[in-house]
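Hi everyone, thanks for coming. I'll walk you through one structure today, so please get the viewer open and follow along with me.

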Amino acid sequence: MKTLADFDVGLLLTLDALHKEKNVTHAAARLNITQSALSARLTRLRHLLGDPLFIPSTSGRGMVASPHALALQPELTRLLDQWTAFIGTAKVFDAATSRRIFRVAATDNPASILAPDLIPLVRTEAPHAKIAFTTPNKATIAQDLEDGAVDVFVGVAEDGAPGLMGRKLFQERFVTAQRRGHPRGTGPLSLDEFCALDHLLISTSGGHFSGMIDSALAETGRQRNVAVSVQSYALAPLMLSSTDLVCTLPKRFLERFEGVLDYVDAPLELAPFEVNLFWHPRMSADASHSWLRERILRSARRSTPGAPAAG
C-alpha cells in the first residue's frame, strides 16, 4: 500500500509539467531538470500510481495522458494551489483583508502616548483587524511573548528580559503639570514652592503615597505633601483640571492634554528614561507581526515633537 511518505512535491510538479507540456523534453525544461531526471520521476510515478500515465503519441510528437492521468489532473491542480498557499501563508500579510487580532501589552502611560496615533493608523490600513491593549505582567511577560499570549510589549528598557528583541521607541522625561489658571501662575517652579504644593501621585501598584520623586527629595533632606494617590494615569488629567493639585508626569503623556493643563520643568534632577518595544525572536520574520511593529514605530515617531514624518 502506497502512503503519503512515498510521494514528494517534485513528483507532483513532474505530473503537472507533463500535463501542461505533453512532452518530456519540454517538461524537463519547465522544471529546470535534465530529461533523464524527469524520465526517472515518471518511472517512479508509474510505479506508485500503477498506471502508465503518459504514453508516446501515435503521431510521434509528444505524450498522451492516460484516462487515469486525466482523472487526476483537477485534484492535482487543487493540491498544488493549496501547497503554494501553504508555503506563502507565513510570509504574506494583506492588511486590507486581515482579521488578525493584535495584542499589545503596555501600561497606561505608553499606551496613552501611542494609542491615539496607532489606532487610526491600524484602522485605516487594516480595517478588519482588531487591536487589544492589555496590562503587562512583568513577571511573566517574556513567557507571554513566547507563548503568543501577547504580540509585543511596550515598556522601559529595564523591563526587557534576556533573549527578547527590542527597539527604542523614544526617550521620555518628567515635567510637573497643573491646571490652566492655577493660582500659582505659570512661571518656573522653585523647589520650595514644589514642596509646599499639594501633589497627586500615580501609584501603579495602588494605594501608595511616596515614589521615585519622594526618594529624590529625601536625598536632599526635603519632602512634599502627596494629598491624593490614584492607580491610573488616565485619571490624572481629570483630577488636575478640576483641582489645585500638581503632578509630575512624563512629558509626552501630558502633551495630549495641553488644552486643559500647563506644565513646567520639575525643580529637581529626574533621570530621563527610554520606552522600548519588545517582542520574541520567533516572531521576527512573521509578516503580520513585522507590519504591527512598523506601525508602532511610526506612531512613536509621530508622538515625538520635531520628529520627521514616517514614510
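Start at W279, where R293 sits over the face of the ring, 4.5 Å from the ring centre. Before going further, keep in mind that what you see is a predicted model.

While we're on rings, let's talk about aromatic pairs. A pair of aromatic rings is described by two things, the distance of the centres and the angle of the planes. How many aromatic pairs does the count come to here? Seven. Take F93 and F102: their ring centres are 6.2 Å apart and their planes stand at 75°, so we call this pair edge-to-face. The cut-off you need there is that planes over 60 degrees apart count as edge-to-face. Buried or exposed, what would you say for F102? F102 is buried, and its relative accessible area is 0%.

Now find F153 and F278. This aromatic pair is stacked, with 5.8 Å from centre to centre and 25° between the planes. Here the cut-off is the other one, planes under 30 degrees apart. What I like is where the partners come from: F153 belongs to strand β5 and F278 to strand β12, 125 residues apart, so the pair links distant parts of the chain. F153 is buried, at a relative accessible area of 1%, and F278 is buried too, at 6%. If you wonder why both get that label, it's because buried means under 20% relative accessible area.

Okay, next topic, the largest pocket. How much space lies in the largest pocket? About 730 Å³. Its lining has 30 residues, and the ones nearest the centre are F174, I202, T204, M212 and Y233. Several elements give two or more residues to that lining, among them α5 (108-125), α8 (212-218) and β12 (273-279). Which element gives the largest share? That would be β5, with four residues.

The domain assignment gives three: domain 1 (8-87), domain 2 (99-163 + 279-301) and domain 3 (174-265). Notice that domain 2 is written as two stretches of sequence, 99-163 and 279-301. Why do we say the pocket lies between domains 2 and 3? Because both of them give residues to the lining of the largest pocket.

And what about domain 1? The C-alpha centres of domain 1 and domain 3 lie 75 Å apart. L240, in helix α9 (residues 235-241), is 188 residues from P52 in sequence and 85 Å from P52 in space, C-alpha to C-alpha. L240 is buried, with 0% relative accessible area. Then look at S242, in the loop between α9 and β10. S242 counts as exposed, at 56% relative accessibility, because the label exposed takes over 50%. From S242 to V64 it's 178 residues along the sequence and 87 Å in space, again C-alpha to C-alpha.

Now for a contrast, go to E294 in helix α11 (residues 287-302). E294 and D151 are 143 residues apart along the chain, and their C-alpha atoms are separated by 13 Å. E294 is partly exposed, with a relative accessible area of 28%.

Last stop, a bit of backbone. Most residues other than glycine have a negative phi. Two residues here have a positive phi. K22, in the loop between α1 (9-21) and α2 (24-31), has a phi near 50°. N32, in the loop between α2 and α3 (35-49), has a phi near 60°. Neither one is glycine. On accessibility, K22 is partly exposed at 41%, while N32 is exposed at 71%.

So, a quick recap before we stop. We had R293 over the face of W279, a stacked pair made by F153 and F278, and a pocket between domain 2 and domain 3. Thanks, and I'm happy to take questions.

Technical notes. Residues numbered from 1 in each chain as written. Predicted model: local features only at pLDDT ≥ 70, side-chain atom pairs only at ≥ 80, totals over all residues. Heavy atoms only, no water. 1 Å grid on protein atoms, 1.4 Å probe; cavity = no way out; pocket = protein on both sides within 12 Å on 5 of 7 lines; lining within 4 Å. Points joined across faces, edges and corners; volume = space filled by probe spheres on them. Domains from an automatic or database assignment. Phe/Tyr/Trp six-rings, centres within 6.5 Å; stacked < 30°, edge-to-face > 60°. Buried < 20%, exposed > 50% of the residue type's maximum accessible area, 1.4 Å probe, protein only. Lys NZ or Arg CZ within 6 Å of the ring centre and 35° of its normal.
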